[in-house]
Amino acid sequence: MRRLRLSLLVIAVAGLSLLATALVLRLPGAATLVGNADALYLPALFDDLHRGLDALRGWHLTPGPYVVPDMAVYGLADLATGDFRQALPLAAALQLGLLLLLGGAVHRAAGGRSAAMAVAAFALVLALLFGFGWGLAGAYALNWLVYPFVVTFHFGAILIAAAVLLLVLRQLDRPGPWPLAGLAAMILAGVLSDSFVLPYAAAPALALSLLCALAPRSREAALAAAAVVGAAALTAYLLQDWINPLNGVYRRQLDLGIGYGLFRLGGVLWRAD
């Protein structure tokens, strides 16, 4: 019975995701955002893969190469369709479906009773946010609302954040080596794929683990989770320069820009005071 309920939930989420993707892509301007030059990075890469590994010579990965989970998601869509024009919307539906299923899993891991009700409530909230944004700003709102439907636009970092949260909750409930191994692998692969995983996933997971460490009952499991998340995030951060030099250059420029921006903001606030 449990497997049947899970199968029905997956089928329902798949249908809902396909329907939502079809509706969103029919909105004015949505197709342009989904098929812009940045979003065509993976279709171009997989097109070369179809021609053989020799076609990859000369490629230079972007600062965020989007290996995990974006390449896996798009790879499944590409395998199913064989044409990037169909693979892009299918990958969008897969992303949305994964988000809904991860939301239901996190709800269950946090002590919720019904994953199906959690998925339905989550989908309703997303639909209301989308409708409110569209009603408020029209097509301009798509610049912010279309991310769940675009591959390689840092939405993979949000999926990793949900998966990491799920693993932290599993570790707190049933401490063991597997949740910790999953956390380490997810953080390492995620940060090396997209630096946004650091603020989106690693930092919240570390904060949650340290907060839960205040409770004596979960202290040991929480500290183990915090240590693994912190070590994996630091290791991935230090490896970025070596594995993907362009990512290291981009990160240093970003750090410099953030520091300069904060310096200028401080100067403005000082003069205002």
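L8 lies in helix α1, residues 2–25, helices being DSSP runs of H or I with at least four residues, numbered from the N terminus. The model is predicted, with local features requiring pLDDT of at least 70 and side-chain atom pairs pLDDT 80 or more, while totals for chains, interfaces and linings use all residues. Residues are numbered from 1 along each chain as its sequence is written, and side-chain values use heavy atoms, without hydrogens and water.

| Residue | Relative accessibility | Class |
|---|---|---|
| L8 | 52% | exposed |
| G29 | 42% | partly exposed |
| Q171 | 2% | buried |

Together with L4 and I11, L8 forms a nonpolar surface patch of about 310 Å².

G29 belongs to the loop between α1 and α2 (30–34). Its C-alpha atom is 6.7 Å from that of A139, 110 residues apart along the chain.

Q171 is part of helix α8, residues 155–173. Q171 counts as buried because its relative accessibility is 2%. Beyond its neighbours within four places in sequence, Q171 has contacts (heavy atoms within 4.5 Å) with G176, P179, L180, A221, A224 and A225.

The largest pocket holds about 600 Å³ of space. It is lined by 14 residues, of which R2, L6, L9, R108 and A115 are the closest to its centre. At least two lining residues come from each of α1, α5 (84–109) and α6 (115–137).

Notes: Patches are made of residues with over 30% relative accessible area and no salt bridge: like charges are joined within 9 Å, nonpolar side chains (Val, Leu, Ile, Met, Phe, Trp, Tyr) within 5 Å. Accessible areas come from the Shrake-Rupley method with a 1.4 Å probe; for residues, only the protein chains shown count as cover. A salt bridge is a side-chain nitrogen of Lys or Arg within 4 Å of a carboxyl oxygen of Asp or Glu. Buried means under 20% relative accessible area, exposed over 50%, partly exposed in between (1.4 Å probe, protein chains only). On a 1 Å grid over the protein atoms alone, a cavity is a set of points where a 1.4 Å probe fits but cannot get out, and a pocket is an open set with protein on both sides within 12 Å along at least five of seven lines; lining residues have an atom within 4 Å of a point. Grid points are joined across faces, edges and corners, and a volume is the space filled by probe spheres set on the points.
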